[in-house]
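Have the structure open while you read. The notes below go site by site, then out to the chain as a whole.

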Amino acid sequence: MFGVKSMRSAVASTASKRLFATSIAQAYQTRLNQFFHNTLRDDLMILQYVPPSVRARQGAAEETRMKEAKESMGGTPPNPLRKHKQIRRPKPNVPVPTAHNTPFVDKVTVHIRCREALQNKHHLLSALMALQILTGERGEVLKAKNDAAAWKLRKGMPISAKVELTGDNMYEFLDKLIEVVLPRMKEYHGLKMSAGDGVGNFTLGFDSSVIGLFPEMEVVYDMFPLVTGFSVNIKTTAVRNPTGRLLLSGFGLPFLHARKPKSETFDL
Amino acid sequence: MSAFGRRLCLSTKGTASMLGRGASAAKTSRKAAAASRGPGHTNSDPRYEQMKRILFEEEPRQLPELTAEDVERHETILRAEKIYYMQKSAQRRQERERRFGAMEKAYVALEKLDSRLFEAACKKEPNVTFPRQMRVPTETPPRVIWDYSNGKK
């Protein structure tokens, strides 16, 4: 580790000298983790803050708006017997902003769906190997949950592989993706503002040309009989899309903003 | 390759190097396979045999054998590390609470002082993101860290 100061104290026993070194290095965290704790977290805390009086006012306005919407709604009233069939899952409430509940990146899942595995099971090995090279962790093979006759898929057939990353491994992978892979892609300018699942989680999908852009894959590209695409699902503790977007943009993930009309822009 | 780039690849260096080592061997074996297709041959790429070997048959590293003393040392070091991280986390938490408290006080004072400025301070842009120029710091930063000219010359 460069630029790290460590205090090394000699251990008495000769046999254990090689096994142990009591050097408490200045805690090495991954770059993104350090940045989050040093800078991003406080920035998000400040940006998210809404004073209680304004919050109460906004809450009251929201309630009256929903009440008016319900009353003004025409057409058939909802069937109380079908109330249990909740088609749209209700979003969790936005929590009161405190010093400690800023959003953070919880988990990143890298998933490779391998349709070629239906004909030849060996193709899944390519997926597993690729996941291990990209992330440094052993992948998990997933089996089909349902039948799909159109693709000759039966329940229980192994069809894809995934890796769930948390902690430092997750930040390392995100770092590689944002700093190395995305800039190398052709014509990639960022995520759209419509991205996100509604509750602050984002998924990026890539095709097989992108997997070769990882520095580790460049070296061993020829060893893969099958080169697949992959998808990256970023799960955050943000409760809404704009908050999630703010968090990920802090790490360097680009977003495509809608162009403001010229009349609204001005030079200071 | 910079130190940063090197660290990026460290986590998966082992796997990639194992695959790379077998590159030349696989080339010859592929030719041999193409040349002589025996009756029991299963039409699968010999590279998959190599992958199977790496993924499933390679024995895990041998952990060093620890004596009772060594176990005590190991646990002490782990405990010390945990204490260090706990202290750091508590320190950060305290600082955060202090900053948050100061911010709350400032908002309350502003509300009493000037309602127009208070409303302007509370106004939030709907889809705000951090600027693209704000890059995560690196160990080898550029000469000009922030361009204040806004791109104009």
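This is a predicted model: local features need pLDDT of at least 70, side-chain atom pairs count only at pLDDT 80 or more; totals for chains, interfaces and linings use all residues.

A polar atom of its side chain lies 3.0 Å from the backbone oxygen of B:Pro137.

A:Arg31 sits in helix 1 of chain A, which covers residues 31-48. Is A:Arg31 buried or exposed? Its relative accessibility is 12%, so A:Arg31 counts as buried, the limit being under 20%.

## Aromatic pairs across the chains

How many aromatic pairs does the structure hold? Over all chains there are 10. One of them joins A:Tyr49 and B:Tyr107. The ring centres are 5.0 Å apart and the planes meet at 50°, so this pair is tilted. The pair crosses between chains. A:Tyr49 lies in the loop between helix 1 and helix 2 (52-72) of chain A, while B:Tyr107 belongs to helix 5 (residues 68-113) of chain B.

Both rings belong to buried residues. A:Tyr49 has a relative accessible area of 3%. For B:Tyr107 the value is 12%. The two tyrosines are also part of one aromatic cluster, together with B:Phe100 and B:Phe118.

A:Asn241 is in helix 7 of chain A, residues 241-251. The residue is buried, at 13% relative accessible area. Its side chain reaches the backbone nitrogen of A:Gly198 at 3.0 Å.

Which residues does A:Asn241 touch, leaving aside those up to four places away in sequence? The list is A:Ala195, A:Gly196, A:Asp197, A:Gly198, A:Val199, A:Gly200 and A:Phe202.

Most residues other than glycine have a negative phi. A:Lys152 has a positive phi near 60°. A:Glu187 has one of about 55°, although it is not a glycine.

Where are they? A:Lys152 is in the loop between strand 2 (140-143) and strand 3 (158-165) of chain A. A:Glu187 is in the loop between helix 4 (167-184) and strand 4 (202-206) of chain A. Relative accessibility is 71% for A:Lys152, which therefore counts as exposed. A:Glu187 is exposed too, with a relative accessible area of 76%.

## Chain A as a whole

Chain A has 7 helices and 5 strands. Along the sequence they follow the pattern α-α-β-α-β-β-α-β-α-α-β-α. Of its 268 residues, 41% count as buried. Among contacts between residues at least 6 apart in sequence, 71% join residues at least 24 apart.

Chain A is divided into domain 1 (53-96) and domain 2 (105-256). Their C-alpha centres lie 35 Å apart. The contact takes 5 residues from domain 1 of chain A and 4 residues from domain 2 of chain A.

The size of an interface is often given as the accessible area lost when the parts come together. Here the area buried between domain 1 and domain 2 of chain A is about 370 Å². Carbon and sulfur atoms give 72% of that area. In domain 1, A:Lys91, A:Pro92 and A:Val94 lose the most area to domain 2, together 85% of what that side buries.

## Annotated regions

UniProt, in an unreviewed entry, places "domain: Large ribosomal subunit protein uL5 N-terminal" at residues 100-154 of chain A. Over those residues the chain is 24% helix and 24% strand. The end C-alpha atoms are 47 Å apart.

UniProt also lists residues 158-255 of chain A for "domain: Large ribosomal subunit protein uL5 C-terminal", again from an unreviewed entry. In this region the chain is 39% helix and 20% strand. Here the end C-alpha atoms are 35 Å apart.

Notes: Residues are numbered from 1 along each chain as its sequence is written. Chains are lettered from A and ligands numbered from 1 in the order in which they are written. Side-chain values use heavy atoms; hydrogens and water are left out. UniProt positions are given in the numbering used here, feature names are shortened, and annotations may be inferred rather than shown by experiment. Helices (H or I, at least four residues) and strands (E, at least two) are DSSP runs, numbered from the N terminus. Buried means under 20% relative accessible area, exposed over 50%, partly exposed in between (1.4 Å probe, protein chains only). A polar contact is a pair of N or O atoms within 3.5 Å; within protein, one must be able to donate a hydrogen and the other to accept it, and residues adjacent in sequence count only if both atoms are side-chain atoms. Rings of Phe, Tyr and Trp (its six-membered ring) pair if their centres lie within 6.5 Å; planes under 30 degrees apart count as stacked, over 60 as edge-to-face and the rest as tilted. Domain bounds come from an automatic or database domain assignment. Contact means heavy atoms within 4.5 Å. Buried area is the accessible area (1.4 Å probe) that two parts lose on being put together, summed over both.
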